[in-house]
There are 2 protein chains.
Amino acid sequence: MKRSVIAAVAVVALVLGAVVGVVAARVGQGAATAGALADVAEARGLTGEEAEAALKTFVPPGEYDEYYIFSSGGHSGQVLVWGVPSMRLLKEIPVFTPDAWQGYGYGTDQGLQVLEAGSDPAKNATPVRWGDTHHPALSETEGDYDGRWLYINDRANGRIAMIDLQDFKTKQIVDIPNSSTSHGGVFVTPNTEYAHISSMTPMPWTEDGYADLKDYEDAYRGVSSWLAIDQETGRIDLERSFQIELPPYTQDLADAGKLTSYGWGFINSYNTEMAVGGDAEGGEPIETGAIANDYDFLHIINWKKAEEVVAEGNYVERNGMRVIPLDVAIEEGILYFAPEPRNPHGVDVSPTGDYIVVAGKLDPNATVYDFELIQRAIENEDFQGTDPYGVPILNFDSVVAGQVELGVGPLHTQFDDEGHAYTSLFVDSAIAEWTLGPKAGVPEGEAFKLVDKIPVHYNIGHLVTAEGDTVAPDGRYMVALNKWSIDRYPLVGTLKPQNFQLIDLESDPLRILAEVPVPNAEPHYVQMIKADKLVHRIEVYEPGTDPLTMTTSEFATLSPDDARVERHGNVVDVYMTAMRSHFTPDIVRVREGDTVNLHITNIETTPDATHGFAIPQYNVEASLDPGEVVNITFEATKTGSFAFYCSEFCSALHLEMRGWLLVEPK
Amino acid sequence: MKRSVIAAVAVVALVLGAVVGVVAARVGQGAATAGALADVAEARGLTGEEAEAALKTFVPPGEYDEYYIFSSGGHSGQVLVWGVPSMRLLKEIPVFTPDAWQGYGYGTDQGLQVLEAGSDPAKNATPVRWGDTHHPALSETEGDYDGRWLYINDRANGRIAMIDLQDFKTKQIVDIPNSSTSHGGVFVTPNTEYAHISSMTPMPWTEDGYADLKDYEDAYRGVSSWLAIDQETGRIDLERSFQIELPPYTQDLADAGKLTSYGWGFINSYNTEMAVGGDAEGGEPIETGAIANDYDFLHIINWKKAEEVVAEGNYVERNGMRVIPLDVAIEEGILYFAPEPRNPHGVDVSPTGDYIVVAGKLDPNATVYDFELIQRAIENEDFQGTDPYGVPILNFDSVVAGQVELGVGPLHTQFDDEGHAYTSLFVDSAIAEWTLGPKAGVPEGEAFKLVDKIPVHYNIGHLVTAEGDTVAPDGRYMVALNKWSIDRYPLVGTLKPQNFQLIDLESDPLRILAEVPVPNAEPHYVQMIKADKLVHRIEVYEPGTDPLTMTTSEFATLSPDDARVERHGNVVDVYMTAMRSHFTPDIVRVREGDTVNLHITNIETTPDATHGFAIPQYNVEASLDPGEVVNITFEATKTGSFAFYCSEFCSALHLEMRGWLLVEPK
């Protein structure tokens, strides 16, 4: 935390000077005096601190925020994009769940393709049309965000999606084989070689996916998946990917090694007790069964080594994936365990890659592992034994650099640029600021000490600092992601929003500047990126672009003169253009039972000239950005006259931008 | 507009006084001096006006907004709730479109029941699972918002929904018979006797819903629907409702008469040319075909008379609705027309009910009709003829009190408490402030004059003032709902957000205070209600409540001791409880092919202690607020072990709040 340049109370002489200076400086540009500001603050009942916070977070009309937050949406299945410091919600990106506003999953082939490909019928009982997004991972180059792609998992169904940061659209969903769920085990390796995702609850690795819970230890397995990324498109290539079999613990949060620890990955686990519940069958619920052991296991994975082992062919195939069996992982030195205090939650690697911080939610300490010590212990085979599956367990005392007592319920940790760590405390409803060790530039005597603690409201889960999980944190702004809001907002129904609180990292002590409710989602992990890093954004597509491929669509219709209807038997292909304020053709005549393929090109080239395309009674709603082509396929099962229309207000004659789908009875 | 009490530039003596005063007043409560505020503003590059705006809009952490905005979400199908003046998005209420976060349409019987009932298979080609919400109508008592219910239409599919403002949940969707689409024709009558909704594009009133466009004038019809409201539950009762047949024009915006004009309703129309398009068939697009006439028709409806006529049995039945045929409506004096300048958009009744303001988007004037003059013209049969269907057309000059030239593209009008009207100008990208006439308390010489004009960014559609469409506008705050944002926000993809701008109604001249992007929807009409009017809100349900009925559910399970599994043949009923941090039972054993009925009660009584319930691979996601019961029904088609879990972070051991659905192979 930097010392604030603003003294809490200025002496009168300074006040007078400042007032006069401001009056002089502002004349001619909508001047208001310092006194006028104080009057407004007083009229609205703001304290001085509140008035300062207002001025520190206000982004004037027409100006931009300094940072973006990419936030998981939890069981909304979507991603939210926020501006910092204004804390305005800028965009909801549909990912796992259909979204009518953006026409995602409501009739357009492109959206449906992404959703269909992301729901493997071999795995799911029914097409899955929602997700539980938990852990976003922005693509990185040399351990720093590079603004190309965003990966995010579906905790509910063990899937991962890729969002293209050119146009902020979801381009791919992959249903991970051999994996039923995935909580926080998502990260990218420092050059986005892989997106990693680990399973959460293990699943039976049996033929039919079934095994009774009495066979849990033998038949159930977890998995660590290393999904290879195509460096041109950002897409996941399952053929180049691999998995590592894990014991049936509950694998939880994860993070990539970086710089010093490049080539390694780290995953927390809990329920190493392998409790399965049974509270109505004479057993105890998992919440008590899973907290018996004093220690669970930090999984330490050498993914560079795993890559070699796979290249050598030392794997088995399982449901189309190359899987390194657990015994091979042990034998080849790919997997080690280190004890971690019971039921840990967060594992976060420090900016230099030297420290791995684990926060155990039932332990008051942050436990700091030192990567050099881990390497030494592995070399020296400094083990305290193995787990029931034969995985070597490193000696706790040999690998831990320090423990810092923070408070009750520590969960997640982020970093600044001056050797500080910030850890959320769920039960305390607070954030602890503390110092890392010498390898983070902290002098020996000041290392591993609690510095400050700030209350938040309430029950904080994750937190984020600006670029705080990269090799180069910015040391600006922190956001507390509070799970409960209780009394912080007016009642908007029995379901209360969560609460994001913006904290000024440059004030001493730490201070809350503003808060904002989360209106439509339950965010978990988020990342905060400098706005100017998103250099790949485009504003308008090349005319005739299919956003799914980012190439010219074979169905592009670039002029109303080329608009046409082609009938082949009972298949009708309509090549349509959209521009202010008409569709061409604006009458589509088909017969009951026809298959209708609409190919619509928005031939606008003006930014923001988006058109919608909706058909009443047919559940069709598309959104076409300038230059975009969408394809819509449906069966004309219902006879009648259906007044299709532009659903995105586009012009003074927007309401006249409509036409007729006529479905004539057979 | 009130004169601002804050002078733009204060004299030095006042500044000094204010500074000293503030320092004195704030000591001990996080004091910051006026000078310190100016320093912060300067450090962030804020002009004086911007700094004032920051202070006028900031709602400090933990404090509440003064007003709510209930906003349509357009083709998202949802409703958005915003706080004013902070402009924070407080809540998204799912209405016509499933929402995974709130478990609406993802497995819970209650959500599916609302959606299913709202999609009539006789009308729709396929179950409709989205909507295009346009025009919210808060329930009223004596013409003022009463905070009980919110009605909102689906422009795409001709439907209406009721949201209960006890718990902010959608309780009913009604698919309106004889109506395919509905744009802005929604209002409630002053005591919420009826929710009115009119059709937009007409549809064939034929057996099979089909008629070629050459038969447009004969076979197609519009309709005005008067949906009776149950005063206990807020639900629409189709049996007590009625419709009025209308010519096949495009009926558009609508508003209720109030006070002076109580008992009447007003609907705009356009495309009285009855153009049908055909731009690829040698015709002209609707955008040119529909603007040929100099005048369209304001529909003037006597709903009190219509009620009597229906009570007398003078109606026909059509698809289960009582319909007053057009000739009966004419004969009984239920329907009159008044000419309105071409292609009008907004029709808005002034607070006293005396003036009906129409803004024609292709005419620079606001046209003000006087209800007394309308009544006189009707009495005197002061007609300029009839339309092709025999509806009498009142003489334009006999019913218009005045016209005010406002600018290019006037659309919608709202009001304040001092006789002013505010009209959005789409093409000008501005809002015009102007005076009403003597019946609104404006002196004769000042009546019907343009007062002020403020640029907005960009292409404003609707606008709203605080309670500005009621009998008692508050005269505080105005929000411009701009359709295009263009350069106002950083790029968040090729689809740009819309732009809400908050305007200070108490400043002179009008001034923009803040703006916020709309991240997930395309709002149209909105209403702004004083926060303290929402007196019916509840924070926690009575234990065991089914929110759909607001009564105790027959499936309520109020203690883990009562949790049980009952099997009847291949039907399995599971009575489950949820509380921090376990489900009881936490193991559910079924066989492949079973029908599974889960009845889950959240037995928490603590506000905000919401639990989720999700089943991997089964597309099931429910949200249970404290006290709530949800029912979930599915077929166990897929064998395996599925780790169901609480999807809403609830406690330190939230991650342990899970269990197993075991589907054993046959």
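**Strand and helix features of chains A and B**

In this predicted model, A:Tyr194, A:His196 and A:Ser198 point one way from β9(A), A:Ala195 and A:Ile197 point the other way, and all are buried (under 20% relative accessible area, with exposed meaning over 50% and partly exposed in between, for a 1.4 Å probe and protein chains only). Strand β9 of chain A spans residues 194-198 and is mostly covered, with five of its five residues buried. Strands, like helices, are DSSP runs numbered from the N terminus (E, at least two residues, for strands; H or I, at least four residues, for helices).

β9(A) pairs in the antiparallel sense with strand β8 (residues 187-188) of chain A over two bridges, pairing being assigned if DSSP finds at least two bridges between two strands. In this pair, A:Val188 stands opposite A:Ala195. β8(A) and β9(A) form a hairpin with five residues between them, and A:Thr192 in the turn has a positive phi of about 55 degrees. Strand β11 (residues 220-229) of chain A also pairs with β9(A) in the antiparallel sense, over five bridges. There, A:Ser224 of β11(A) is the bridge partner of A:Ser198.

An open sheet in chain A is formed by four strands in the order β3-β2-β1-β33, with antiparallel pairing. Its edge strands are β3 (89-93) and β33 (526-530), each of which pairs on one side only. Neighbouring strands of this sheet are turned by 20 degrees against each other on average, direction ignored; axes are lines fitted to C-alpha atoms, for helices over the stretch in contact, and angles run from 0 to 180 degrees between N-to-C directions. Strand β1 (residues 67-72) and β33(A) are joined in the antiparallel sense over five bridges. A:Phe70 has A:Gln527 in β33(A) as its bridge partner.

In chain B, helix α9 (residues 371-379) has as its buried residues B:Phe371, B:Leu373, B:Ile374, B:Ala377 and B:Ile378. These lie on the same side of α9(B) because they cover an arc of only 160 degrees around the axis, the arc being that of the directions from the helix axis to the C-beta atoms. The N-terminal end of α9(B) is capped by B:Asp370, a side-chain oxygen of which lies 2.8 Å from the backbone nitrogen of B:Glu372. α9(B) is followed by B:Glu381, with a positive phi near 50 degrees.

Residues are numbered from 1 along each chain as its sequence is written, and chains are lettered from A and ligands numbered from 1 in the order in which they are written. Local features need pLDDT of at least 70, side-chain atom pairs count only at pLDDT 80 or more, and totals for chains, interfaces and linings use all residues, while side-chain values use heavy atoms, with hydrogens and water left out.

Terms used
Polar contact = N/O pair within 3.5 Å; in protein donor to acceptor, adjacent residues only side chain to side chain.
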